Amino acid sequence: MAAITSIGPLARIAGRDALLHRRHSLLLMVMIALPVAGLVAGTTLLDSLWQPGSVWIQLWSSLVVVVFWTLSAVTLVAAVLMASAAVTIAARRQLHALGLLAAAGAGGRQLGTVVILQAAALGLVGVLTGIPAGLLLARALLPRLARAVGLPLGEAAPLLVVPGRLLLAAGLGLLAAVVAALVPAVRAARLPVTAALAAHQPPTRQPRRLTVVGTVLVLVGLGLGVLQVWLMGSRWQPWIAVASVAAVLVGFTALSRALVDLVGRSARRLPATGRLAVRDLARHPTRSAAAVAAVTAGLAVPMLLGAMTAQSAASMRDYAPRQLRTDQVLVYSPAAAAAVTQSLPGARQAPFTTATEAGGTEVTVHGPAIDQPDFGVSRGLAIGEQEVLVAMGGEQAAAAFADGAVVAFGTNLVPDGQVTLAITDIPRPARRITVPAVEVTTGSYTGQELPSFAISRQTAQRLGLPGLTTPPRYLIRASRPLSDAQRDQLRALQNQSPAMLISWAEPDPDLQSFAQGMRSILLALVAVTGIIALGSVTAACALALSEARHDLTTLGQLGAAPAMTRRLMAGQAWLLATLGGLLAVAIGLGPFAVQAIASWQVRPRLAIPIGPSALAVPWTLVAVVAVGIPALAAAAASLLGHSPAPLTPRRGG
Amino acid sequence: MTAVLEIEQVARTYGSGHTQVTALDGVSLTVQAGELVAVMGPSGAGKSTLLHVAGGLDRPTSGTIRVTETDLGRLGRAGLAALRRRRVGYVFQELNLIAALTAAENVALPRELDGVRARTARTEALAALELVGMAELAGTFPDQLSGGEQQRVAIARALVGQRPLLLADEPTGALDTLAGEAILGLLRARCDAGVAAVLVTHEPRYAGYADRIVFLTDGRVVDQTAHPTTVAGRWS
């Protein structure tokens with residue numbers, strides 16, 4: 001009962017303290033208003049664009065919804081982390097006032113209530129600001145997005161506002177504010193009265209337990225990554241893959257405080273500005289670890305999607321069966337070969353025969369993996385000179401080819417390094433010979449146009465293979481994948497002389513559209529999570545600036561250049577964003593790297609071509625996350641330090 | 001003798017209209033190399049303001065200040081910062097040590113800010129800490145030091161780098177009598193080695209170490225000829 005009756009005065013105290021510490025209050029409000037605005041804008045846009053007839057919606061709706069809610073969760077986590085840092089620092093500044101309250105008889109619970117009430121009130125203001133801001137944003141973006149997804153809604157596209165969604169956003173915003181205040185409230189409640197009166201907060205314990213939990217989670221995540229390779233093909237494999245990524249994500253985020261501490265220890269050898277920036281971060285882990293964790297959680301989302309897309313593209317490259325590559329043209333006569341070579345600058349032609357003749361003479365290639373049913377490997381054997389190997393894309397196997405090996409184009413086709421040639425050479429009896437083989441990792445050639453295997457003319461003669469007298473075919477390899485114009489030229493050639501029989505690969509429009517859509521989603525993700533990262537780092541730097549005013553005054557008094565504050569802020573922001581970015585890269589690539597390493601251990605034991613390819617690193621994305629965003633964060637934070645701290649008190653003595 | 005600090009008709013006012021406060025009103029003062037001048041006066045007399053304008057931390061409303069013949073009025077913000085790094089050592093009333101840096105790093109800071117290599121700056125810092133008897137605690141952070149030890153580190157920071165002018169604002173405020181005497185002995189020794197120093201103090205006992213005492217009241221110099229031996233009991 002006493003607790004209820006004391007809410008009134010406690011709320012008044014909370015409100016007045018919030019007004020006294022305007023900068024922290026404003027930061028907390030912004031931290032709540034931004035995710036609320038994002039949630040409102042996002043849900044309203046999704047509802048307004050949801051047209052069942054739209055092709056774009058049919059193709060992408062499920063991925064967009066997953067990405068949107070993942071982003072919303074990440075934004076809320078980042079908001080809670082940074083708001084918690086702001087509340088902690090505000091509570092530290094209010095220590096004396098809290099101490100006076102305690103001395104006047106307030107209990108620990110009542111002190112905690114002051115902190116929570118303050119955060120809830122500011123959170124409410126943030127929610128009330130965020131909802132209209134989100135609706136305005138949605139109104140502004142709707143016509144553009146409608147055009148982008150091909151919906152004929154026009155400039156006056158109707159905005160579909162669902163009150164339930166607004167309530168959900170408001171509830172989540174308020175919850176985030178209260179959750180952010182929980183740890184500072186518990187600390188305030190446990191504070192000894194004398195320490196509070198002296199405005200001295202005992203140092204917090206080193207988070208060893210958090211470090212241990214983080215390390216264990218990362219190890220478990222990587223272990224699950226290995227396990228899922230062994231379970232390839234099982235129905236549990238996708239779930240284990242998801243659990244692996246989740247464990248690595250949470251584990252690395254939990255390690256952010258230990259990482260900040262570690263970086264702080266290594267500051268001794270840095271120049272003065274760097275040392276000050278790094279030590280300040282390490283001495284205030286509440287805000288720096290929160291910012292690193294927020295950046296990590298944000299940037300890990302595009303990194304994971306980017307790494308997944310890169311692995312999928314690499315798998316397509318390595319495994320997807322194909323008839324011809326996009327830089328190859330197959331023709332059946334010397335005239336056609338000459339005409340095509342002339343129309344493709346830099347192209348080289350390679351004549352080859354196949355060991356197949358009308359009348360039943362045939363050589364086919366066999367092996368445990370090659371003979372797997374439903375795999376569709378073309379078992380034919382191309383016989384030619386070195387240039388046919390180059391035209392097929394197997395130049396790296398040139399030495400083995402010259403030494404008499406069969407070159408297999410595919411993945412895991414020759415795990416034991418040999419193939420069996422089945423020779424039907426009427427009227428001689430059928431026979432089988434085993435020859436050494438090497439593999440060039442590439443998509444298997446399927447169908448009848450181009451064989452999956454090649455052997456040199458000299459080796460074919462030495463082995464006494466038939467088929468050397470069949471008319472040659474010509475494989476032409478262009479210097480780069482064929483352009484639309486070049487394909488048009490080939491079509492024109494084909495139309496002029498239908499007898500020429502020219503074959504080439506047409507790009508798959510569905511695949512192209514998918515790749516383009518994926519790129520757009522990835523770009524949007526990088527933009528949104530980049531903003532989350534920049535916001536978190538800027539908030540941490542603003543808090544650092546408010547706490548470091550005294551030190552900055554001292555630096556100025558000692559003769560630091562006026563730009564020192566700017567450099568310190570830029571240095572801190574760069575370091576926070578780089579640490580967060582590197583953790584995000586580790587989260588994105590870690591599970592796939594472990595999976596790739598494990599797959600190379602497993603691969604020789606597999607009789608079928610399956611399992612992930614070598615690790616594909618999305619370098620552009622890595623550069624954006626680990627270099628570009630930190631550079632932007634540094635530039636943004638340097639603006640915070642544009643006015644140097646005063647060198648003297650306002651009044652002389 | 002060479003004049004290291006020359007202050008001519010300096011005034012400093014804060015605010016305007018009916019809230020205007022005059023902290024300094026036509027103050028003139030010259031400090032020669034090797035001279036230790038004590039500035040005394042009641043609270044609000046303008047002692048700290050005098051040190052602020054002399055050290056280039058604040059600009060006077062009118063008048064001229066020269067440090068080793070450089071007119072501070074002609075310097076911009078960057079020029080004043082360079083002057084503070086190279087020519088003025090400052091001991092602050094509130095110590096102002098940076099908590100994130102060790103004692104040696106705090107002392108080396110003005111030198112490092114001036115572009116001196118970290119290793120050289122550290123060697124100079126250790127020498128300065130040796131002078132104040134703090135070399136053994138060079139690797140300690142300020143929050144692990146007592147008030148007296150922190151004050152010694154602050155003084156070492158003002159001594160490092162052979163700067164010709166030393167400004168000390170109540171440097172013994174946090175110290176007991178014995179430690180205060182030791183610090184003043186140290187300042188005196190630096191002046192005997194050729195450094196010019198201005199010491200703001202309330203304590204006549206410490207003013208006894210000075211060559212000359214300047215009395216300030218309401219922003220004006222009321223006496224700058226007094227010798228320490230004549231002031232015993234005047235402000236006690």
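Trainee: Which residue of strand 5 of chain B stands opposite Arg66(B)?

Mentor: First, a note: this is a predicted model, where local features need pLDDT of at least 70, side-chain atom pairs count only at pLDDT 80 or more, and totals for chains, interfaces and linings use all residues. Residues are numbered from 1 along each chain as its sequence is written, while chains are lettered from A and ligands numbered from 1 in the order in which they are written. Strand 4 (residues 62-67) and strand 5 of chain B pair in the antiparallel sense over 2 bridges (strands are DSSP runs of E, at least two residues, and helices runs of H or I, at least four, numbered from the N terminus; pairing needs at least two DSSP bridges). In strand 5 of chain B, the residue opposite Arg66(B) is Asp71(B).

Trainee: Which strands stand at the edges of that sheet?

Mentor: The open sheet of chain B has 4 antiparallel strands in the order 2-1-4-5. Each edge strand has a single partner strand, so one side of it is left without a neighbour in the sheet; the edge strands are strand 2 and strand 5 (70-71) of chain B.

Trainee: What angle does helix 1 of chain B make with strand 1 of chain B?

Mentor: Helix 1 of chain B packs on the sheet and touches strand 1, strand 2 and strand 4 of chain B (a contact means C-beta atoms, placed from the backbone, within 7 Å). Angles run from 0 to 180 degrees between N-to-C directions, with axes fitted to C-alpha atoms, for helices over the stretch in contact. For helix 1 and strand 1 of chain B, the angle is about 120°.

Trainee: Which helix of chain B gives the most to the side that touches chain A?

Mentor: The contact takes 29 residues from chain B and 19 residues from chain A. Among the elements of chain B that each supply at least two residues are strand 1 (3-14), strand 2 (21-32), helix 1 (47-54) and helix 3 (103-113). The largest share, 6 residues, comes from helix 2.

Trainee: How many residues of helix 3 of chain B are buried?

Mentor: Helix 3 of chain B is mostly covered (buried means 20 or more other C-beta atoms within 10 Å of a residue's own, again placed from the backbone). Its cover includes helix 12 (272-283) of chain A, as well as helix 2, helix 4 (118-131) and helix 5 (147-159) of chain B. The buried count for helix 3 of chain B is 11 of its 11 residues.

Trainee: How far apart are the axes of helix 3 and helix 7 of chain A?

Mentor: Helix 3 (residues 22-49) and helix 7 (residues 163-190) of chain A pack at an angle of about 160°. They are therefore roughly antiparallel (angles over 145 degrees count as such). The contact includes Leu39(A) of helix 3 and Ala169(A) of helix 7. The distance between these two axes is 9 Å.

Trainee: What is the average twist from one strand to the next in the sheet of chain A?

Mentor: This open sheet has 10 strands with mixed pairing, in the order 3-6-7-5-8-4-2-9-1-10. Strand 3 (362-366) and strand 10 (502-504) of chain A are its edges, each pairing on one side only. The average twist is 35°.

Trainee: Which residue is the bridge partner of Thr354(A)?

Mentor: Strand 2 (residues 348-354) and strand 4 (residues 381-384) of chain A pair in the antiparallel sense over 3 bridges. In strand 4 of chain A, the partner of Thr354(A) is Ala382(A).

Definitions and conventions:
Two residues are in contact if their C-beta atoms, placed from the backbone, lie within 7 Å. A residue is buried if 20 or more other C-beta atoms lie within 10 Å of its own, exposed if 12 or fewer, and partly exposed in between; C-beta atoms are placed from the backbone. Angles under 35 degrees count as roughly parallel, over 145 as roughly antiparallel, 65 to 115 as roughly perpendicular and the rest as oblique.
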